Amino acid sequence: MEILVWGTGIATANIGEKVYEEQISGYIETEKSKDFYKGKPVYSPSELPNGYDAILICNHYGKQIHDCCLRNGIGLQNVCFMYPIPQEIDTENNLGLAKKILKQGWYDRVCVEFGQIDRAWVEEDAKRYAELNTHPTMRIMEEYNKPIYTDKAAGAGSIGSYFWQDLWAARKIYKESPAEHYDIGSRVDGFVAHLLTFMNHVNLIDIRPLDRTVDGLEFIHADATDLEGIGDNSMESLSALCSLEHFGLGRYGDRIDPDACYKCFDAIGRKMKKGGNVYLSVPVGREHLEFNAHRIFYASTISDNFPQFDLIEYSCTYGGYIEYNIDLHKYDEDMRSEGTRFGLFHLRKK
């Protein structure tokens, strides 16, 4: 079976996990930018070769690709979407293609995505377990069964952009060992938990409520736009990981204010003391607003809004990897990451 895979980005970087690579005869780019990828030819939608059996869409751009197929006369009966799209498609045909193309674990995941679960393998596993089990208290009992169908193809965990940004900032703060640290809106169940393993006191400011008391965590339920109540030139350490890009968009119950994130940039500049360290993470790429999800910034916008600070480090994380100490303008024209490429900024007040 000859397969064309649509895309040459992060979703196809580990394509061998999903399909047998010897079946892939080429790749498609919506806007062709290269002639070869992984040793196979790359085609534009208007110039597809003859003889392929199916096109696999393993990324989250299915909505756009569906419409691109219609514009270019590409028959949807041979297109396999791994994720549901808003447009109506023949789900039965789609899953039939997926069964032919994908390795078993990934086929199971596509079935789950489309609400069509193949339960036969769990029944087979249960039969085999019953044959082998010798523990009376661990026998299968119908009233206690709780079958899980979605984990068979799951990995050990997600080492993505959030993992890298949390680890990056926590390691830096650990090295600096500030007496007191402030955080604005970072993940309590990720980054803030990292900090509490080696810090006795962390101040967390968040407009969202927190209904638990945690030892070592002082929670300040407030809008952090102006950092009211904190003295000027008083803070020695502050972080804000994937939070400032949301300010003023109403997504989290905050009031609408197009200037809110820029006001917070100014407030941070006022509140930090000389030599104080700031650790920021925001989506970077071609600057634009994706209302009401987030803003995406030019990396230079962040550095320009902190003129009182030296930029100690600018790194980036995307697609499960981190790039250290890169050029500020490397991703100025990037529009493909959909807000999941995070710029990591370590700033120190002069």
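Reply: The model is predicted: local features need pLDDT of at least 70, side-chain atom pairs count only at pLDDT 80 or more, and totals for chains, interfaces and linings use all residues. Residues are numbered from 1 along each chain as its sequence is written, and side-chain values use heavy atoms, with hydrogens and water left out.

Me: At roughly what angle do the axes of helix 2 and helix 3 cross?

Reply: Two packed helices are described by the angle between their axes and the distance between the axes. Here the axes of helix 2 (residues 91-101) and helix 3 (residues 104-113) cross at roughly 165 degrees and come within 8 Å. Axes are lines fitted to C-alpha atoms, for helices over the stretch in contact, with angles from 0 to 180 degrees between N-to-C directions; helices are DSSP runs (H or I, at least four residues) numbered from the N terminus. The pair is therefore roughly antiparallel, a term for angles over 145 degrees.

Me: Which residues of helix 2 and helix 3 meet?

Reply: L95, A98 and K99 of helix 2 meet Y107, V110 and C111 of helix 3, contact being heavy atoms within 4.5 Å.

Me: Which residues of helix 3 are buried?

Reply: W106, Y107, D108, V110 and C111 are buried, that is, under 20% relative accessible area with a 1.4 Å probe, protein chains only. These buried residues pack against strand 6, helix 2 and helix 4 (120-132). Just after helix 3, G115 takes a positive phi of about 70 degrees.

Me: With which residues is M82 in contact, leaving aside neighbours within four places in sequence?

Reply: Its partners are K18, L56, I57, C58, L102, W106, V110, E113 and F114.

Conventions
Helices (H or I, at least four residues) and strands (E, at least two) are DSSP runs, numbered from the N terminus. Angles under 35 degrees count as roughly parallel, over 145 as roughly antiparallel, 65 to 115 as roughly perpendicular and the rest as oblique. Buried means under 20% relative accessible area, exposed over 50%, partly exposed in between (1.4 Å probe, protein chains only).
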